[in-house]
Amino acid sequence: MHSMTLNPPRQKAHHDVPALPRSPVQARQLSKRFGTNTILDNLNLDIRAGEFVALLGRSGSGKTTLLRALAGLDRISSGTLDVPQARAAVFQEPRLMPWKRAWRNVTLGLKIDQPRERARAALAEVGLAHRENAWPSTLSGGEAQRVALARALVREPQLLLLDEPFAALDALTRIRMHQLILSLWRQHRPSVLLVTHDVDEAVLLADRVLVLEKGSIAADIAITQQRPRSAESPQFQKLRTQLLQLLGVEIEAPAAAQPESSAPASIVTPFNFSNFSI
Amino acid sequence: MSVSTLHLPIFRRAICPLVLAALWETASRTGLLPERILAAPSEIFTTLGELIASGEMGSNVLVSLQRVLIGMAVSLPLGTALALIAGLSRQGEVAVDSSMQMARTVPFLGLVPLFILWFGIGEFTKIVLIAYATTFPMYLSLYSGIRGVDSKLVEAARLFGLSYPQQIVHVILPGALPSFLIGLRYSLGVSWLSLVVVEQINATAGLGYLINNARDFMRTDVIVVCLIVYSLLGLATDLLVRGIEHYALAWRPTFIKD
């Protein structure tokens with residue numbers, strides 16, 4: 001089956017020791033083409049050790065392609081890409097094996113001593129020690145995603161790839177997951193690349209926000225604001241507007257929106273079957 | 001749950017068949033339904049008791065069971081191996097699948113005369129026919145099961161460093177197991193079906209032989225008894241596979257009990 005064959009990215013061994021500590025993730029002139037379609041176009045990217053980077057981009061901008069290249073799931077077409085061997089990922093869907101209990105999912109493919117204890121410790125970190133024997137189908141969306149997080153962290157990754165991991169969760173669970181991911185990141189200090197389409201999420205969590213457009217990095221904005229960050233602060237709002245503009249979303253000024261919302265609502269509703277409940 | 005609510009639906013469901021059986025019995029007793037057309041239910045049960053008591057039923061069921069087991073012992077590994085070859089590699093699919101899909105459309109009953117010409121009318125032909133008929137359900141369901149495994153799970157396993165053989169063991173085979181068990185159930189069903197046919201070919205023992213013999217002596221009671229035994233055997237194997245499913249697919253939401 002073609003999709004199952006292993007396609008490791010071109011990787012250089014870390015044998016040349018530079019004067020400065022080199023970034024664990026380095027992409028130079030990285031391109032990925034599917035036929036004549038260029039998805040990633042001479043992209044350059046550095047992620048420093050322990051840095052939390054968020055990657056924003058419109059759909060079709062190549063976010064997922066970049067993440068897959070970093071994960072080693074797809075071969076790159078040209079350029080160089082250095083990534084640490086110890087990588088792990090959490091996807092939008094938890095991707096747990098339904099036939100393995102939670103703790104066995106955590107230690108999937110690991111050859112370690114006392115796997116059960118290690119799994120239990122990892123599950124305790126995400127607050128799910130009591131669910132170690134649960135089948136994945138009995139877990140809620142948030143719980144399943146936390147097991148997926150434990151599965152990634154138990155490998156002590158140097159690079160943690162997060163592919164819209166909170167997109168399918170409800171708003172309350174998402175807030176709790178944001179807090180959890182920050183505390184786990186502080187504890188384990190992996191480099192993190194969070195792919196998201198949620199500007200607020202990016203500004204809330206990351207040290208640096210990248211905007212991907214037409215296959216290369218269109219903007220690289222460092223966020224110096226102290227954590228925990230508040231979405232109400234003016235800096236946050238300014239960044240948010242700036243990023244949304246970069247993403248091509250025009251925001252109407254509140255003053256301009258005012259007269260529209262204060263206009264009296266039309267009394268005559270056009271005939272529509274959905275206006276009638278049966 | 002009280003006893004009455006537990007048993008009431010079963011009683012209710014039994015009413016209709018019991019009424020039908022009573023009508024059948026009445027028709028037989030009054031001569032409306034002659035014995036050479038269909039024996040009375042009471043007579044069928046007496047005959048069943050006699051056949052069991054004399055040991056005739058037991059020995060013939062054993063012969064039939066042996067044929068099924070030998071046939072399945074060939075078709076189960078064969079169907080599984082072919083499905084793995086076709087399911088796990090593109091080259092395997094090219095090599096195996098088109099031929100299997102073609103062979104599957106040949107009605108297996110149509111092959112009986114050909115197999116008799118090739119292999120004679122002995123035991124070998126019977127077993128080859130059972131094996132032939134039961135290979136396809138096994139192959140088809142397992143093959144589609146392997147191809148139906150969520151590629152995202154395979155990808156996750158690859159990302160977490162599982163080698164290809166490990167991916168097969170930890171992801172593809174467990175993912176295809178429900179389909180394998182469905183295939184097993186179909187195959188067992190087909191095996192009893194093919195038994196009915198192959199045991200009409202020059203058999204000197206087995207359930208089919210009992211039926212053939214009974215036809216010659218116009219013993220409709222024996223024929224019906226054999227049909228009942230066939231269906232009981234089918235039911236038993238079905239229960240067996242369900243038992244396996246209950247244990248092996250404990251992770252499925254339908255089997256989970258808190």
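Modeller: What follows goes from the domains to the core, then to a sheet and the chain contact. This is a predicted model, in which local features need pLDDT of at least 70 and side-chain atom pairs count only at pLDDT 80 or more, while totals for chains, interfaces and linings use all residues. Residues are numbered from 1 along each chain as its sequence is written, and chains are lettered from A and ligands numbered from 1 in the order in which they are written.

Chain A is divided into domain 1 (21-86 + 159-251) and domain 2 (94-155), with bounds that come from an automatic or database domain assignment. The C-alpha centres of these two domains of chain A are 25 Å apart. Contact here is defined by C-beta atoms, placed from the backbone, within 7 Å. On that basis, 10 residues of domain 1 of chain A touch eight residues of domain 2 of chain A. On the domain 1 side, helix 5 (residues 171-188) of chain A gives the most, with five residues; helices are DSSP runs of H or I with at least four residues, strands are runs of E with at least two, and both are numbered from the N terminus. That side of domain 1 has eight nonpolar, two polar and no charged residues. In this classification, Ala, Val, Leu, Ile, Met, Phe, Trp, Tyr, Cys and Pro are nonpolar, Asp, Glu, Lys and Arg are charged, and the others, Gly among them, are polar.

A nonpolar core is a set of buried Ala, Val, Leu, Ile, Met, Phe, Trp, Tyr and Cys residues joined through C-beta atoms within 7 Å; buried means that 20 or more other C-beta atoms lie within 10 Å of the residue's own, placed from the backbone. The largest core has 99 residues, of which A:Leu55, A:Ala150, A:Leu193 and A:Val209 touch the most other members. Both domains of chain A give residues to this core, so it lies between them. Leaving aside neighbours within four places in sequence, the contacts of A:Val209 include A:Ala54, A:Ile221 and A:Leu243. A second, separate core of 25 residues includes B:Ala40 and B:Val222.

Chain A also has an open antiparallel sheet of three strands in the order 2-1-4; strands pair if DSSP finds at least two bridges between them. Its edge strands are strand 2 (37-47) and strand 4 (78-82) of chain A. Strand 1 (residues 25-34) of chain A pairs with strand 4 of chain A over four bridges, and A:Ala27 has A:Leu81 as its bridge partner in strand 4.

Between the chains, 24 residues of chain B are in contact with 18 residues of chain A. Helix 7 of chain B gives the most to the chain B side, with nine residues.

Definitions and conventions:
Two residues are in contact if their C-beta atoms, placed from the backbone, lie within 7 Å. A residue is buried if 20 or more other C-beta atoms lie within 10 Å of its own, exposed if 12 or fewer, and partly exposed in between; C-beta atoms are placed from the backbone.
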